[in-house]
Structure formats: C-alpha cells, structure tokens
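Here is a friendly walk through a protein model for anyone meeting it for the first time. Have a look at the picture, then read on.

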Amino acid sequence: MKKNQFNTKFGVVAATVGSAVGLGNIWRFPYEAGAHGGGAFLIVYLLFVLILGIPVICAEFLIGHSSGADVYTAFTKLNGGRLWRLVGRMGLAAALLILGFYSVVAGWTVEYIYQSVISFGGATTADELHAQFGAFSSDAVKPLWWILAFLAANYVILIRGVGKGIERMSNILMPLLFVILLVFVINSLMLPKAAEGLEFLFKPDFSAITPSVVLGALGQAFFSLSLGLGCLITYASYFRADTPLVKTATISALLDMLVAIMAGVIIFPAVFTYGQEPSAGPQLVFEVLPSIFLNMPGGIVWATLFFILLFVASLTSTLSMFEILIAYMERSLSMSRLKAVSLTLMVVIVLSTLCSLSFGKLDGIRVFGLNLFSLSDYLSSNILLPVGGILISIFAGWIVERHTVRLELLGSAPSTLLRISVRIIIFNLRYLAPIGIGLIFIFGL
Ligand code: TRP
C-alpha cells in the first residue's frame with residue numbers, strides 16, 4: 001500500500017466531502033443568502049452546483065487522477081503547454097488567499113467553543129450578542145491566539161501525511177456533524193417564526209436576481225465545492241485506480257448542497273424568531289446560533305458540541321487547501337514535508353493576522369470599499385475560483401485527449417445512465433462552462 005493514498009471507498013467520499021463541507025456551507029452560505037435576497041440566491045446557487053459544479057468537479061478529478069500529479073505539474077503532464085502552468089500558479093495563490101481569511105473564521109469558532117462553555121458570558125438578547133461579537137472580533141490580540149490554535153491543529157495533522165490523518169478524522173466526524181445538524185434543523189422548524197424563515201429561504205423573488213447576485217451565487221457554488229484552484233486535482237491524485245469519479249463527484253456535490261440547505265433551515269427561522277437581521281454579513285451565524293442555543297433545552301451542551309464540530313469541519317477543509325501547497329512544494333520543489341508544512345504555515349499566519357486585524361486596527365485599509373478580510377474573500381471566491389473553473393473546463397474539454405477523458409469518467413463497465421451523464425458532462429465542460437462563466441463575469445463585474 002502506498003503511503004499517500006486514500007484507503008477505502010468510503011474514505012474517498014468522506015475526505016472529498018470533508019474538503020467541501022466546512023465554513024463555506026455553515027458560515028458563508030447563510031450570510032451570502034441573507035445578504036442577497038434568500039430564495040433568489042438559493043435557486044441560482046443550486047442551478048450552478050448542478051450544471052457547472054458537478055462537471056467541473058469531474059474535470060478536476062480526471063485531471064488529478066490521470067496525471068497523478070499536483071496542480072502545478074498536472075497540466076504539463078497532460079500535454080498542456082507552459083501557459084497552463086499559470087493555472088497552477090493561480091491555484092496556489094488562491095489557496096493562500098483563502099487560507100488567510102478562512103483561518104480567521106475558524107479562529108472565531110474556537111472562541112465560540114469557549115463562549116459556549118461559559119454560556120456566552122451571560123449575554124442573551126440579540127443586541128448583547130451583537131456587541132459581544134463586535135468586541136471580540138475587533139480585539140487586536142484575542143482572535144490571533146485562536147487562529148494560532150487552529151493552525152497548530154492543522155500542523156500536527158499535516159506532518160503526519162494524508163492517508164492517516166485526514167481520512168481517519170473525516171470518516172468519524174463528518175457523519176457526526178450531519179446528525180447534529182439534523183437535531184438543529186428539527187429544533188428550528190419548531191420555532192414560532194419558522195414559516196417566515198423558510199419563506200425567506202425557499203420562496204424566490206425573481207426580481208431580486210441581479211448580475212451581482214448571480215456572480216455571488218457562482219462564487220458560493222465554487223467555494224463550497226472546493227472548486228477552481230486544483231484542490232480536487234490534488235485529492236484525485238491520491239484516489240485509487242478504481243475510484244468511480246462521476247459517482248464520487250455527484251455524491252459529494254449533493255451532500256455539500258444538502259448541508260448548506262440544512263444550515264439555511266437552521267439559521268433563518270431563528271433570524272426571524274429572535275429579531276435579527278438576515279443581511280448582517282460575516283457575523284450572521286456567530287450572532288444567530290447563540291440565540292438558538294440559549295433557547296434550547298440543554299443548549300449549552302449542544303452549543304459546545306456544535307462549535308467543536310464546526311471547528312473540525314473547518315479543519316478538514318483547510319487541510320485540503322494546505323495539501324495543494326504542500327504537494328506542490330514536496331513534489332515539484334523536492335522539499336521535505338516538514339519544511340513545506342512549516343513554510344506554508346508561516347505565510348498563512350501572516351495573512352490571517354492581517355485579515356483578523358482588518359476588523360479592528362486595520363479597518364481603515366480598504367480597497368473598493370472592502371477591508372482586507374472581505375477583499376481576500378471577494379477576490380478569491382468571485383474572481384480566482386471562477387476563472388480557474390473556466391480554464392480547468394477548457395483544459396479537460398479540449399486539451400486532455402478525448403480517449404483519456406472517456407476512460408477516466410466511464411471506468412470499465414459503464415451503465416447507460418453513466419454514458420448519458422458523461423456526454424452531458426463533456427458538453428458542459430466544452431461549451432457551457434467556459435461561455436456561461438465568461439458571461440456571468442462580464443455582467444457581474
Ligand atoms: N469548500 C470548503 C468550505 O466550504 C472550503 C474549501 C476547501 C475550498 N478547499 C477549497 C474553497 C478549495 C475553494 C477551493 O468550507
């Protein structure tokens with residue numbers, strides 16, 4: 001058995017889902033949906049997952065699986081010219097950018113594990129919880145300790161390598177997270193203003209669909225599915241030869257979508273019940289969840305458990321992003337794993353410190369009106385990931401040999417359903433994804 005390989009079929013799906021499911025579903029989706037009109041955002045996002053998401057996952061899978069290489073060399077190995085190395089470079093840059101702000105939010109989850117244990121310091125009303133989050137997130141020191149704690153956890157797992165660390169943890173904790181979410185869904189459905197919350201989330205107001213909502217939904221779809229920067233290229237290079245790519249892609253995308261919808265069903269009934277604002281922005285979830293927990297029987301225990309699991313979900317996501325950078329440094333620059341991990345970590349510490357301080361001391365530094373935190377998020381999710389998506393689709397659709405593409409996606413004994421699906425996937429990669437994403441860009445920006 002090779003060291004750097006996922007060992008079981010369940011492990012492959014769990015690790016891919018582990019990469020996909022994270023703060024993107026539980027923190028980012030509700031706040032983006034809340035800020036962009038709820039139902040209108042949801043429907044566009046769902047369409048993007050199905051029409052563009054699944055094909056682009058397949059594209060990343062087949063590139064990684066057939067080349068067995070990291071983002072940087074995969075393209076050259078599959079006959080891409082030197083220019084394709086740019087895609088790899090862009091992926092590496094985007095991974096760093098995302099790790100910077102993601103680690104800040106992951107640090108917030110650590111604070112909220114602590115806050116849960118101390119019953120949110122006695123805060124109970126929406127205003128008190130709002131003030132509490134504001135004071136914490138703008139503090140110059142406290143959030144930084146939690147970021148370091150989070151990154152230390154990444155470090156310990158990363159130096160042990162992929163198979164053991166990542167797979168073992170995903171296998172146990174992802175199913176557990178799912179069960180806990182189910183409990184909160186039931187709780188939220190019984191809240192007094194559940195109907196209002198569900199209407200906000202599920203009833204699309206089509207007049208609210210503007211080009212910027214569409215671009216936001218596209219960014220959310222890519223971010224949530226871990227797409228566009230070669231994360232899944234790297235993961236697929238660790239898949240076994242017989243891993244069914246289309247099936248794994250579809251299951252992962254559907255589960256990821258389900259978790260985002262569950263998060264919405266948990267959050268919005270509570271937003272209306274406890275008099276909070278759906279468009280509160282990045283702090284939405286951190287202000288609404290405590291309201292839920294404080295009003296639930298045994299809430300403190302649930303809250304603690306929830307934030308621990310959210311922490312773990314973030315961890316399995318950041319591990320996948322770190323792995324891109326580390327795989328590149330190990331394989332293409334022949335660095336030792338320890339050195340690669342340490343170096344990457346140091347850069348991320350600097351970036352996340354800057355992002356964290358942009359809620360306080362560095363709030364004055366703004367580009368296009370966005371602070372460093374929101375700027376990193378906007379640049380990576382709404383620009384770099386979709387551009388990566390276009391290029392990856394073009395590469396898989398036009399540059400990789402047709403024979404290789406079919407072999408990878410169809411496997412040895414394809415069913416009729418799979419044959420039809422692969423036809424649609426290849427069509428989407430060749431035409432729909434490049435043209436569609438291109439148009440969304442032109443109008444959205
Ligand atoms: N998808 C993850 C989440 O929803 C974040 C993530 C992990 C990611 N790897 C990625 C986003 C690669 C973009 C690209 O939390």
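Is phenylalanine 359 buried, partly exposed or exposed? With a relative accessible area of 23%, phenylalanine 359 counts as partly exposed. Bear in mind as you read that this is a predicted model.

## Rings that meet across the chain

Tryptophan 108 lies in helix H5 (residues 85-117) and phenylalanine 359 in the loop between helix H15 (337-357) and helix H16 (372-399), so the pair ties together parts 251 residues apart in sequence. Tryptophan 108 is buried, at a relative accessible area of 1%, whereas phenylalanine 359 is partly exposed at 23%.

## Charges over rings

The charged end of arginine 28 sits over the ring of phenylalanine 223, 5.0 Å from the ring centre. Over the face of tryptophan 398 you'll find arginine 430, at 3.9 Å from the ring centre.

## Cysteines without partners

How many disulfides does a search of the whole structure find? The count is zero. Cysteine 231 is in no disulfide, and the nearest cysteine sulfur, that of cysteine 58, is 16 Å away. Cysteine 231 is also buried, with a relative accessible area of 2%.

## A serine in helix H16

Cysteine 355 has a contact worth a stop: serine 376, which also touches Leu97 and Phe101 when residues up to four places away in sequence are left out. Serine 376 is found in helix H16, and at 9% relative accessibility it counts as buried. Its side chain reaches the backbone oxygen of leucine 372 at 2.7 Å.

## The core and helix H14

The largest nonpolar core holds 154 residues, and those with the most contacts inside it are Tyr45, Ile63, Phe293, Phe306 and Phe307. Helix H14 (residues 299-331) gives the most to this core, with 18 residues. Setting aside neighbours within four places in sequence, phenylalanine 307 is in contact with several residues, among them Thr109, Tyr112, Phe120, Phe286 and Phe293.

Tryptophan 302 lies in helix H14 as well. At 26% relative accessibility, tryptophan 302 counts as partly exposed. Not counting residues up to four places away in sequence, tryptophan 302 touches Ile180, Val183, Phe184, Met296 and Pro297. Between tryptophan 302 and alanine 194 there are 20 Å in space, C-alpha to C-alpha, and the two are 108 residues apart in sequence.

Terms used: Residues are numbered from 1 along each chain as its sequence is written. This is a predicted model: local features need pLDDT of at least 70, side-chain atom pairs count only at pLDDT 80 or more; totals for chains, interfaces and linings use all residues. Side-chain values use heavy atoms; hydrogens and water are left out. A disulfide is a pair of cysteine sulfur atoms within 2.5 Å. Buried means under 20% relative accessible area, exposed over 50%, partly exposed in between (1.4 Å probe, protein chains only). Helices (H or I, at least four residues) and strands (E, at least two) are DSSP runs, numbered from the N terminus. A charge sits over a ring if NZ of Lys or CZ of Arg is within 6 Å of the ring centre and within 35 degrees of the ring normal. A polar contact is a pair of N or O atoms within 3.5 Å; within protein, one must be able to donate a hydrogen and the other to accept it, and residues adjacent in sequence count only if both atoms are side-chain atoms. Contact means heavy atoms within 4.5 Å. A nonpolar core is a set of buried Ala, Val, Leu, Ile, Met, Phe, Trp, Tyr and Cys residues joined through side-chain atoms within 4.5 Å.
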